[in-house]
Structure formats: structure tokens, C-alpha cells
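Q: Please take me through the cavities, ring contacts and sheet of this model, with the rule behind each term.

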Amino acid sequence: MVEETRPLRTVEYSRVENIHVLRHEDLNGSSRLYGGRLLSWIDETACACAQRHMSGEVTTASIDNLTFKRGAFLNDIVVLVAKVTYVGNASMEVRVDTYVEEKDGSRHPINRAYLTCVQVDENGKPSRIPYGLKLEKEQQKMEWEGALLRKKNRMERTKMGF
């Protein structure tokens, strides 16, 4: 890891948690949470997290991984938790975990997604993120390493025309 010269913000600083109670308009023809609705919530939650970290405007550049683990149904409480896993020059990776929360407060994972968010200036051009990321726990360091691998894989796919 290159020595960071920018001021640092912690993973916890920009963590975002959003909650939705599923209504009829959130469901697909199979009476499960519509994937497009969940994707919209994931993008919104990731961008809020990125904006907190960057203190600037942000756009989503890519969604690297989106894994549907189980469904959610009418009246389920859906919780989305976003955290920064990597900060580069103008882009960052945000992980969003989605859960169904039971009445006893326990949570069951239904989705995990990794998004790349880019800070943009007033003209919509990428600009430097003013804050680096302070990694305080071993798990955060592992997430950073995973983010580097995902970034490398994205670059390889781009070279190959995917």
C-alpha cells in the first residue's frame, strides 16, 4: 500500500444504513422483492456512503458483484448497510450488504454488492477524492486487498472488451 498523504476518514465515518418495509409496489410477479427496486436502493445507499466519505458529488461507475442469496417478501424489513472498502485517486469501492430483519432484530443476508463510485466536479469530470481511508481492523485490510483484486479484474475485463 502506498503511503497516504491525504487526511484519513475511517470506515465507520461514512457507514450508511437504510431501511425499507416492503410494500406491494416493491414486489415482482412472484411476490418477491423486485431485483430492480433492490438495485436502486443499493445504488442510493452506496452513493450516500461515498458522498459522506468524499464530501463531494459522486456517480456510480460500475457494479462489480451482485449476489442474490434469498428473497424478501411483503412487509419484510429490508436493511441495507454500506461501507467504504477502498479509496483510490478519484474512485472508491463501496460494499453494500442487504438483510431481512426479523422481529427479534436478527438479520439474514439476502444480497451483497460491490460498487465503484467516482467523485466528480461541477462539470461531471472525475476529481481527486480529498480523503484517504484509515484501516483500523484486520477485516478492513482484507476488504482493501479484495478491492484491489476486483479492480485488477475489472481492468483485465476492460482490456478484453467485456
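A: A search of the whole structure gives two cavities of 30 Å³ or more. The model is predicted: local features need pLDDT of at least 70, side-chain atom pairs count only at pLDDT 80 or more, and totals for chains, interfaces and linings use all residues. Numbering runs from 1 along each chain as its sequence is written, and side-chain values use heavy atoms, without hydrogens and water.

Q: What makes a space a cavity here, and what volume has the largest cavity?
A: On a 1 Å grid over the protein atoms alone, a cavity is a set of points where a 1.4 Å probe fits but cannot get out. Points are joined across faces, edges and corners, and the volume is the space filled by probe spheres set on them. The largest cavity comes to about 50 Å³.

Q: Which residues line the largest cavity?
A: Lining residues have an atom within 4 Å of a point. For the largest cavity these are Val11, Lys83, Val84, Thr85, Leu133, Leu135, Gln140 and Glu143. Strand E4 (77-87) and helix H3 (138-159) each give two or more residues. E4 gives the most, with three. Helices (H or I, at least four residues) and strands (E, at least two) are DSSP runs, numbered from the N terminus.

Q: What is known of the second largest cavity?
A: The second largest cavity holds about 40 Å³ of space. Its lining is Tyr86, Ser91, Met92, Glu93, Thr116, Ala147, Lys151 and Arg154. Strand E5 (91-101) and H3 give two or more residues each.

Q: Why is Arg9 said to sit over the ring of Tyr131?
A: The rule asks for NZ of Lys or CZ of Arg within 6 Å of the ring centre and within 35 degrees of the ring normal. The charged end of Arg9 is 3.6 Å from the centre of the Tyr131 ring and counts as over it. Arg150 also lies over a ring face, that of Tyr114, at 3.7 Å from the ring centre.

Q: How do you know that E5 and E6 pair?
A: Two strands pair if DSSP finds at least two bridges between them. E5 and strand E6 (residues 107-120) have 11 bridges, so they pair, in the antiparallel sense. Within this pairing, Val96 has Ala113 of E6 as its bridge partner.

Q: Why are E2 and E3 called edge strands?
A: The open sheet has five strands in the order E2-E4-E5-E6-E3, with antiparallel pairing. E2 (16-21) and E3 (57-68) each have a single partner strand, so one side of each is left without a neighbour in the sheet.

Definitions and conventions. 1 Å grid on protein atoms, 1.4 Å probe; cavity = no way out; pocket = protein on both sides within 12 Å on 5 of 7 lines; lining within 4 Å.
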